[in-house]
Amino acid sequence: MTRCFVFPLVLGGVLGIAFSGSVQAQQKGSSVAIHVAHAAHGPHGGELLEIGKEEFHAELVIDEGKKQMVVYLLEADAKTRLAIEEPHLMVNLLLSGKPMQVKLKAIPQEADANGFASCFGAVSSELVDALHATKADPKLSTRIRNKSYVTKIVHKHDHTGHNHAQQPAAMPAKRR
C-alpha cells in the first residue's frame with residue numbers, strides 16, 4: 001500500500017523538476033545532479049559571475065559615469081549575502097599589454113559581522129574602461145573560506161541607451 005503513495009510523490013517531484021524551468025536535472029552514472037538556475041542579474045541589479053563551480057557568485061555593479069565598480073559576494077543561490085574576512089579583493093588585468101592590479105576595498109554592510117565584508121568596491125577609470133577592452137582579460141581574485149578563486153570578469157550588456165536601473169548612486173555606505 002505504501003508504494004501507491006510514494007510513486008505519485010516521486011513522479012510529482014520529477015515532473016516538478018522537469019517543468020519548473022528553475023531546476024535542471026541530468027543523469028550522471030547512478031546519481032542525479034541537480035543544478036538550480038539563477039536569475040541573469042543579482043539582487044542589486046548587477047551582472048552575476050560564477051565563482052568556482054557555482055560554489056559562490058559575485059555580483060558586478062558598474063557605474064560607467066562615476067567610473068566605479070562594486071562587487072557583492074553571494075552564496076551559491078546568487079541571492080544570499082556572503083561576508084568574508086578579507087580587507088580587499090583584487091582585479092588583475094592587462095592595460096595596453098601591461099599587467100595591472102586594482103584593489104577593491106572592503107565596504108562592510110550593516111548585516112556583516114565585525115571584521116567581515118560582503119561588498120567591495122573601487123573608483124577606477126582604468127578598470128571600468130578596461131572592462132570594454134578586448135585584450136584586458138580582467139580577473140577577480142578572492143579568498144573564500146580558506147580557498148583561493150580566480151574568476152574571469154565578463155561585462156556583457158548592450159550599451160545602447162545605457163542605463164543600469166538599480167545601480168547605486170554612490171559607493172555603498174560602510175557600516176558605522
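**A pair of rings**

Guide: Let's begin with Phe 56 and Tyr 149, which are both buried; buried means under 20% relative accessible area, exposed over 50%, and partly exposed in between, with a 1.4 Å probe and protein chains only. Before going on, please note that this is a predicted model, where local features need pLDDT of at least 70 and side-chain atom pairs count only at pLDDT 80 or more, while totals for chains, interfaces and linings use all residues. Residues are numbered from 1 along each chain as its sequence is written, and side-chain values use heavy atoms, leaving out hydrogens and water.

The structure holds one aromatic pair. Rings of Phe, Tyr and Trp (its six-membered ring) pair if their centres lie within 6.5 Å; planes under 30 degrees apart are stacked, over 60 edge-to-face, and the rest tilted.

The pair links distant parts of the chain, 93 residues apart: Phe 56 belongs to strand β4 (residues 56-63) and Tyr 149 to strand β10 (residues 147-152). Strands (E, at least two residues) and helices (H or I, at least four) are DSSP runs, numbered from the N terminus. In total, the protein has two helices and 10 strands.

Now step back to the surroundings. In the largest nonpolar core, of 29 residues, Met 69, Val 71, Leu 73 and Leu 104 touch the most other members. Such a core is a set of buried Ala, Val, Leu, Ile, Met, Phe, Trp, Tyr and Cys residues joined through side-chain atoms within 4.5 Å. Strand β4 gives the most to this core, with four residues.
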